[in-house]
Amino acid sequence: TEQRFAEATLLFLVTKDTTVIGYAFNDLLTLAGKQVNYFGSGFIIPEAQGRGLYHELNRQRVLGLPANVIMTRTQNPVVVSGFGKICDELGYHLSPLKGITDTALAMAREYYPACSDALTCNQVYGRELMNRTPSAQGVVAQVLRNLNLQRGDAQILIGEKLF
């Protein structure tokens, strides 16, 4: 985490009074000729979860580093759901949920060359990142259906402003 503080293009902190209760790292990348706002790690402490802070943090991540493409890689259904809400709210087409565009696949493969046609990355993490990854439900379960968490697979999500 300390190394990411130094390397990130932008660091977001969520505070209550003078205490940091959450954070996020974003990077500005160029993939397949497009400027991409890449959502790295994001976290809200358990005691502060369930109050809409993660959603507001994600909104600020988009607004704080403007780009026509937002992207993340995850195993976590909460991240898929939150990223999907931000895409819907701010007018981004979400691959793979709304269909995978050719540009999304090109960006994903430039980021992770072994990315599948479904935007999955096998063994990218080498392990399950969370002790107890929440269960996926509904459309989120469909997005994550190809992942083997124990193996460390992840799903790439790409939101594009389509004009």
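This is a predicted model: local features need pLDDT of at least 70, side-chain atom pairs count only at pLDDT 80 or more; totals for chains, interfaces and linings use all residues.

Biologist: Is N37 buried or exposed?

Modeller: N37 lies in strand β3, residues 34-44. Its relative accessibility is 0%. Buried means under 20%, so N37 counts as buried.

Biologist: How many aromatic pairs are there?

Modeller: Ring centres must lie within 6.5 Å to pair. By this rule the count is 4.

Biologist: What geometry does the pair of Y23 and F43 have?

Modeller: The centres of Y23 and F43 are 6.1 Å apart, and the planes make 40°. Y23 is in strand β2 and F43 in strand β3, 20 residues apart. Planes under 30 degrees apart would be stacked and over 60 edge-to-face. The Y23 and F43 pair is therefore tilted.

Biologist: Why is the pair of F39 and F83 edge-to-face?

Modeller: The ring centres of F39 and F83 are 5.3 Å apart. F39 lies in strand β3 and F83 in helix α3, so the pair ties together parts 44 residues apart in sequence. Both F39 and F83 are buried. Edge-to-face needs planes over 60 degrees apart, and here the angle is 80°.

Biologist: Which residue has its charged end over the ring of Y92?

Modeller: The cut-off for such a charge is 6 Å from the ring centre. Here the distance is 4.7 Å. The residue is K161.

Key
Residues are numbered from 1 along each chain as its sequence is written. Side-chain values use heavy atoms; hydrogens and water are left out. Helices (H or I, at least four residues) and strands (E, at least two) are DSSP runs, numbered from the N terminus. Buried means under 20% relative accessible area, exposed over 50%, partly exposed in between (1.4 Å probe, protein chains only). Rings of Phe, Tyr and Trp (its six-membered ring) pair if their centres lie within 6.5 Å; planes under 30 degrees apart count as stacked, over 60 as edge-to-face and the rest as tilted. A charge sits over a ring if NZ of Lys or CZ of Arg is within 6 Å of the ring centre and within 35 degrees of the ring normal.
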